[in-house]
Structure formats: structure tokens, C-alpha cells
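Subject: Structure for your review

Dear colleague,

Please find the structure below, followed by an account of what was found in it. I would be grateful if you read the two side by side.

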Amino acid sequence: MKIGELSRRTGVSQRLLRYYEQQGLLSSHRAPSGYRHYSPEAVTVVRQIRRLLAAGLTTEVIRDVLPCARGEMPALDPCPELLATLRSQLSGIDDRISCLQQTRGALVDFLTAAERESATH
């Protein structure tokens, strides 16, 4: 199928599909006319990419994880280093959450102090 059809079937823009291809996440072959042609499985691959992106993974991590994906959900087979990669991603998210909680606490303290100050004036 051509890129326009893949875009229609997945709801992903042609520009984004070309980006996925540049990132090594999606493959196509070129017809003599120069048009990209994708296999029928490309629809599933694009849906897998979208779900993995929604899980917060970067395209670099997805490039490593994608060979382990099966189905549109996707389910992930325990490929080598997959668990370590996902644990590392989860740890990074936990670190960012902790940092955000500390930042939130500091803002609450500033706000509470400012409201107390404004109430006394």
C-alpha cells in the first residue's frame, strides 16, 4: 500500500510515517516511480509504535523494543534486554515523579507563606 493509504488506515499523518521510517521504526520499499510501498503488516507496526509512544517510550527505545512486539496492543515477548530496558525507563519516570513532587512541595510552601503574609496585611 502507498503512504496515503497507510495514513488513512492508521490515522497517522504521512509526515509522521516518514519520520518513523527515518527513525528505523517502519520500513517500506520504493517502487520504480519512487513512491513508498508498505506491507499490510505496516498497519499493525504503526499502531504498535503509537501505543509504545503513548507509554512514554522514546523512538530510540521503541526501535529496540519493537522487534519484541506482537499484535496491536502490543504484547511484548521477553526478548534479550527487554526487561532491563523497560525497568530503566520506569526508573527514569519514577525519578521525574519524585522531582516533580519535591517541586510541588516547594511551590505549596511558597504559596502558603504568601497567603499567610497577605492575610496579615
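**Salt bridges**

Glu5 is partly exposed, with a relative accessible area of 32%; here, buried means under 20% relative accessible area, exposed over 50%, and partly exposed in between, using a 1.4 Å probe and protein chains only. This is a predicted model, in which local features need pLDDT of at least 70 and side-chain atom pairs count only at pLDDT 80 or more, while totals for chains, interfaces and linings use all residues. Residues are numbered from 1 along each chain as its sequence is written, and side-chain values use heavy atoms, with hydrogens and water left out.

Glu5 forms a salt bridge with Arg8, and their closest N and O atoms are 3.3 Å apart. The term salt bridge denotes a side-chain nitrogen of Lys or Arg within 4 Å of a carboxyl oxygen of Asp or Glu. Side chains of opposite charge can pair when their charged atoms come close. Both Arg8 and Glu5 belong to helix H1, three residues apart, which is about one turn of the helix. Helices (H or I, at least four residues) and strands (E, at least two) are DSSP runs, numbered from the N terminus. Arg8 is exposed, at 62% relative accessible area.

How many salt bridges does a search of the whole structure find? The search finds three. In another of these, Arg36 pairs with Glu21, the closest N and O atoms being 3.0 Å apart. Arg36 lies in strand E2 (residues 36–37) and Glu21 in helix H2, so this pair ties together parts that are 15 residues apart in sequence. A further salt bridge joins the side chains of Asp77 and Arg70 (2.6 Å, N to O). Asp77 is partly exposed at 28% relative accessibility, and Arg70 is partly exposed as well, at 48%.

**The nonpolar core**

The largest nonpolar core has 21 residues, and Leu6, Leu17, Tyr20, Leu26, Val46, Ile62 and Leu66 have the most contacts inside it. Such a core is a set of buried Ala, Val, Leu, Ile, Met, Phe, Trp, Tyr and Cys residues joined through side-chain atoms within 4.5 Å. At least two residues of this core come from each of helix H1 (3–10), helix H2 (14–22), helix H3 (42–54) and helix H4 (59–65). Helix H3 gives the most, with five residues.

Apart from neighbours within four places in sequence, Tyr20 is in contact (heavy atoms within 4.5 Å) with Val12, Leu25, Leu26, Val46, Ile49, Arg50 and Leu53.

**Helices H1 and H2**

The axes of H1 and H2 come within 9 Å and cross at roughly 105°. Axes are lines fitted to C-alpha atoms, for helices over the stretch in contact, and angles run from 0 to 180 degrees between N-to-C directions. H1 and H2 are therefore roughly perpendicular to each other, a term that covers angles of 65 to 115 degrees. Ile3, Gly4, Leu6 and Ser7 in H1 meet Gln14, Leu17 and Arg18 in H2.

Not counting residues up to four places away in sequence, Gln48 touches Leu66, Ala69, Arg70, Gly71, Glu72 and Pro74.

Thr44 is also found in helix H3, and it is partly exposed, with a relative accessible area of 25%. Leaving aside neighbours within four places in sequence, Thr44 is in contact with Gly71 and Glu72.

With kind regards

Terms used: Parallel < 35°, antiparallel > 145°, perpendicular 65-115°, else oblique.
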